[in-house]
Amino acid sequence: MFKKVSFCLSFSFVFLFIIPVYPQSSDEAASYLNLISEQYKEIHNEMWDYISTMTHSRSARKVENKRIDLLKTIGKSVKYVNEMNAFNNDYSLRDSVVAFLTLNFNVLNNDFAKIINMEEVAEQSYDLMEAYLLAREKANEKLELASEKIDTQYQAFANKYGVTLVENKDAVSIKLKRSSEALKYYNKVYLVFFKSFKQEMYLMDALQRMDINAIEQNRSALKSISEEGLDKLMKIKYYNGDNSINSACKRMLAFYIDESENKIPIIADFLLVTEEYNKMVSIFESKDRMLLTNEEVKKYNDAVNAYKKGVYKFNSTNNTLNNTRNNNINMWNNTVGSFMLRHIPEK
């Protein structure tokens, strides 16, 4: 009754370095700025390689190797900038860049290591998943704030020494920015999907245990959560006109609502019928036929007839649920994969 979805978890943690800036003038201050800005080129390329691999590769080892490569590149840049001479005895920009790159290194090396540990248990509950994605978001915000500060330092240096800065929106920087935006959007929709997805797992567990009270509680919760999810999706704007994963999520939630309203009651009723049938079979087989009362015989026959009548309806409902669920989850996975390829191309 349950097909595990392929989760897309390792996408949202995007390291935002400043966009390289290039001065129009050719004096010594401009050359000094260019030397520092050149360091970002290799970092950007390594970062894009890392983000693209996280998005499209299923190999954890390959993703980890890309993270290590990025750490090495940042570490090399820290060393290079740190060994640069001051400009006119002014260490402000050099030291600010070193601090910025060191922060990026530490977040990638330390914060991200903690987030990886959170990822291992994130699927266990909606709260853990939400905390996991929030931790990624907070780490990202830390780097975005640092990026704004280093931009200010660049501008202050340029103003001080009469250099005009021109923002160079190179292809890799644009890809990184768009990837960050696409992943933030995806995570909003994904959390809506995951909450209902996880709730259905609780319902499936109750069904396997044939716990009627738990079935009813989880059925009601699935309906309520999925209806709330549809309301949330109505408030989430499409990403650059792309409504594919929003629509796919709506389709999943519609399935969960129909399942909870129309299909689970049929299955729950059959479980009750099965319970009564097993009870009467036990009584019928434990007694000598001559000792059975007319009432017991009647209850046994009624239980057998109800069971036979319910089997077909149960099997039909169960098969429909399984097929529809599998189709919808495959559709969701394929839609997410296509969305990522459109907005975060493979390197």
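Visitor: Where does glutamate 259 lie?
Guide: Glutamate 259 lies in helix α7. Helices here are DSSP runs of H or I with at least four residues, numbered from the N terminus, while strands are E runs of at least two.

Visitor: What am I looking at, and how are residues numbered?
Guide: This is a predicted model, with residues numbered from 1 along each chain as its sequence is written. Local features need pLDDT of at least 70, side-chain atom pairs count only at pLDDT 80 or more, totals for chains, interfaces and linings use all residues, and side-chain values use heavy atoms, with hydrogens and water left out.

Visitor: Back to glutamate 259: buried or exposed?
Guide: Glutamate 259 is buried, at 0% relative accessible area. Buried means under 20%, exposed over 50%, and partly exposed in between, with a 1.4 Å probe and protein chains only.

Visitor: What does glutamate 259 contact?
Guide: Apart from neighbours within four places in sequence, glutamate 259 is in contact with Glu200, Met204, Leu222, Ile264, Pro265, Leu321 and Arg325. Contact means heavy atoms within 4.5 Å.

Visitor: Which residues are linked in a network of salt bridges?
Guide: Glu200, Glu259 and Arg325 are. A salt bridge is a side-chain nitrogen of Lys or Arg within 4 Å of a carboxyl oxygen of Asp or Glu.

Visitor: How many salt bridges does the structure hold?
Guide: The structure holds 21 salt bridges. One of them joins glutamate 181 and lysine 177, with the closest N and O atoms 2.7 Å apart.

Visitor: Where do glutamate 181 and lysine 177 lie?
Guide: Both lie in helix α5 (residues 171-209), four residues apart, about one turn of the helix. Glutamate 181 is partly exposed, with a relative accessible area of 35%.

Visitor: And glutamate 261, what does its side chain meet in a salt bridge?
Guide: Lysine 223, at 3.5 Å from N to O. That pair links distant parts of the chain, with glutamate 261 in helix α7 (residues 244-286) and lysine 223 in helix α6 (residues 212-235), 38 residues apart. Glutamate 261 is partly exposed at 37%, and lysine 223 is partly exposed at 23%.

Visitor: What about lysine 263 and aspartate 258, how do their side chains meet?
Guide: Through a salt bridge, 2.7 Å from N to O. Lysine 263 counts as buried, at 18% relative accessibility, whereas aspartate 258 is partly exposed at 29%.

Visitor: Switching to helix packing: at what angle do α5 and α8 pack?
Guide: Helix α8 (residues 294-343) and α5 pack at about 165°, and their axes are 11 Å apart. α5 is therefore roughly antiparallel to α8. Axes are lines fitted to C-alpha atoms, for helices over the stretch in contact, and angles run from 0 to 180 degrees between N-to-C directions. Angles under 35 degrees count as roughly parallel, over 145 as roughly antiparallel, 65 to 115 as roughly perpendicular, and the rest as oblique.

Visitor: Left-handed or right-handed crossing?
Guide: α5 passes α8 in a left-handed crossing. Left-handed applies when the near helix is turned anticlockwise from the far one by less than a right angle, right-handed when clockwise.

Visitor: Which residues make the contact?
Guide: On the α5 side they include Tyr185, Tyr186, Phe193 and Glu200, and on the α8 side they include Arg325, Trp332 and Phe339. By class, the α5 contact with α8 has 14 nonpolar, two polar and two charged residues. Ala, Val, Leu, Ile, Met, Phe, Trp, Tyr, Cys and Pro count as nonpolar, Asp, Glu, Lys and Arg as charged, and the others, Gly among them, as polar.

Visitor: How do α1 and α4 pack?
Guide: Helix α1 (residues 28-56) and helix α4 (residues 126-160) pack at about 160°, with axes 11 Å apart. The two are therefore roughly antiparallel to each other. α1 passes α4 in a left-handed crossing.

Visitor: Which residues meet there?
Guide: Ala29, Tyr32, Leu33, Ile36, Ser37 and Tyr40 in α1 meet Ile150, Tyr154 and Phe157 in α4. The residues of this contact divide into eight nonpolar, one polar and no charged.

Visitor: Arginine 67, buried or exposed?
Guide: Arginine 67 is buried, with a relative accessible area of 8%. Arginine 67 is found in helix α2 (residues 60-82). Leaving aside neighbours within four places in sequence, arginine 67 is in contact with Tyr50, Leu108, Asn109, Phe112 and Ile116.

Visitor: Last one: how far apart are methionine 331 and cysteine 249?
Guide: They are 82 residues apart in sequence and 9.6 Å apart in space, C-alpha to C-alpha. Methionine 331 is found in helix α8 and is buried at 17%. Not counting residues up to four places away in sequence, methionine 331 touches Ala248 and Arg251.
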